[in-house]
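User: Please walk me through how to read this model, one feature at a time.
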Amino acid sequence: MRRLIGLVFLVLLVFGQAIGQQAQPLTDDPVLEKRLNNLSKELRCLVCQNETLADSQADLAEDLRREIREQMRAGKSDQEIINFLTQRYGQFILYRPRVTPTTYLLWFGPFVLLLAGLALLFNYIRKRRDQIEEHPLTVVQRKMAEELLSPDSGKDSA
Amino acid sequence: MLRFLIPLGLFMVLIVFLAIGLTRDPHEVPSPLINKPAPTFRLPQLKDPSKTFSAEDLKGKVWILNVWASWCISCRDEHPLLIGYAKSGAVPIYGLNYKDQRDNALGWLSELGDPYVLSASDEDGRVAIDYGVYGAPETYLIDQSGTIRFKQIGPVTPDVWEKKILPLAQQLNRGTK
């Protein structure tokens, strides 16, 4: 039994390495890889649109990462690379769209809704406060209440 | 009365927005390249890699660049249409063979027919990045000055051809005469 387990481990060890070798080789430059990773988190993969370029396994994403890596090596700044990509793929490639007249609604719409909601809420509360009528106690009621609340009311009923 | 009409009105507005949203394809991203110069490239020709092809060779002509690949399933749907359009002779169609293997690409053309005047091989997809390709097939209409005038993302349909590409190409061709 022990020998069998040993064999399984040996097989896993050998094949595990074989699988491990298929992974994408990282470049030898960890600083560049980190920069690439940070930048591609800000970019959208256009094939699977809800994934970032950093997460996506699509072919195009890999090609774009390669392109970005090469441009970084060539000394381009992040902004230059973003410009390169938006010239080709448009604003849509940015996960954080720029603030332009076409994106005003997107950026400020939620705050407008929030303000509108608050205004409605305050208005409603004020209206309700006006609607509540005061019902002052009559003299008889007040007397009854005083009797009930007085310390010796308990003795009376006992 | 008003307290019922306001929510109803807001609801109607919401419905209209959602209805418009339904008619749109989120995969169609407007290309920033429309009315911009077609990116330059020089690539080996698919059938004869010793020759090259460049967008600049076609200055002065109205032409179509169609991005295709043998692994692309929608390209297979589009292919018979392209063959028909190529036969009609309305606009010359050039191919950009995108991230494909040469043998597969040649096999595809001999099996399904070749609508292209010629195809250029973009094996590593670099030229495609310049053209903002993200889902083959994609089709560009390029005018005499080398400006992209129209882009179709996904397969060309008879509707798009007859209502958009063909009229625009004819209009551009008339412009030179």
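User: In chain B, what share of contacts between residues at least 6 apart in sequence joins residues at least 24 apart?

Analyst: A contact means C-beta atoms, placed from the backbone, within 7 Å. In chain B that share is 72%. This is a predicted model: local features need pLDDT of at least 70, side-chain atom pairs count only at pLDDT 80 or more, and totals for chains, interfaces and linings use all residues. Residues are numbered from 1 along each chain as its sequence is written, with chains lettered from A and ligands numbered from 1 in the order in which they are written.

User: How many residues of α1(B) are buried?

Analyst: Buried means 20 or more other C-beta atoms within 10 Å of the residue's own; 12 or fewer is exposed, and in between is partly exposed. For α1(B) the number is zero out of 21 residues, so the helix lies largely in the open. Over the 177 residues of chain B, 36% count as buried.

User: How do α2(A) and α3(A) cross?

Analyst: Axes are lines fitted to C-alpha atoms, for helices over the stretch in contact; angles run from 0 to 180 degrees between N-to-C directions. Helix α2 (residues 30-40) and helix α3 (residues 59-73) of chain A come within 10 Å and cross at roughly 125°. Under 35 degrees is roughly parallel, over 145 roughly antiparallel, 65 to 115 roughly perpendicular, the rest oblique. The pair α2(A) and α3(A) is therefore oblique.

User: Which residues meet there?

Analyst: Leu32(A), Leu36(A) and Leu39(A) are among those in α2(A), and Ile68(A) and Met72(A) among those in α3(A).

Note on methods. Helices (H or I, at least four residues) and strands (E, at least two) are DSSP runs, numbered from the N terminus. Two residues are in contact if their C-beta atoms, placed from the backbone, lie within 7 Å.
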